Amino acid sequence: MLDRLERLQQLRGAAAQRNGQGADFESRLKAVKLWQQHRLARCYADLAADVRYTPAVAFFLDEIYGIKD
């Protein structure tokens, strides 16, 4: 997992150095994160509806799979 995080940092750094393409990379990355977040929300809607699991599902959707970095 650490090697994947390092690779992501490399890609972000390279994208930021290119003229005008850093924003494109960031917007595509945000789109993927949103897609993944929505997909997981649909898949685990039953758990999100259960008060026992609502906080855990919210944590995963917002903190792990959300668009925040």
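View 1. Of the 69 residues, 16% count as buried, where buried means under 20% relative accessible area, exposed over 50%, and partly exposed in between (1.4 Å probe, protein chains only). The pLDDT, which is the predictor's confidence in each residue on a scale from 0 to 100, has a mean of 84 over the protein, with 86% of the residues reaching 70 or more. Among the elements, helix 1 (residues 2-17) has the lowest mean pLDDT, at 76, while helix 3 (residues 45-49) has the highest, at 95. Residues are numbered from 1 along each chain as its sequence is written. Because this is a predicted model, local features need pLDDT of at least 70 and side-chain atom pairs count only at pLDDT 80 or more, whereas totals for chains, interfaces and linings use all residues, and side-chain values use heavy atoms, with hydrogens and water left out.

**View 2. Isoleucine 67, in the segment after helix 4 (54-64).** With a relative accessibility of 40%, isoleucine 67 counts as partly exposed. Apart from its neighbours within four places in sequence, isoleucine 67 is in contact with Lys30, Lys33 and Leu34, contact meaning heavy atoms within 4.5 Å. Isoleucine 67 and leucine 34 are separated by 33 residues in sequence, yet their C-alpha atoms lie 6.3 Å apart in space.

**View 3. The aromatic pair of phenylalanine 59 and phenylalanine 60.** A search of the whole structure finds 1 aromatic pair. The ring centres of phenylalanine 59 and phenylalanine 60 are 5.8 Å apart and the ring planes stand at 85°, so the pair is edge-to-face; rings of Phe, Tyr and Trp (its six-membered ring) pair if their centres lie within 6.5 Å, and planes under 30 degrees apart count as stacked, over 60 as edge-to-face and the rest as tilted. Phenylalanine 59 is partly exposed, with a relative accessible area of 43%, and phenylalanine 60 also counts as partly exposed, at 43% relative accessibility.

**View 4. Methionine 1, in the segment before helix 1.** At a relative accessibility of 78%, methionine 1 counts as exposed.

Terms used
Helices (H or I, at least four residues) and strands (E, at least two) are DSSP runs, numbered from the N terminus.
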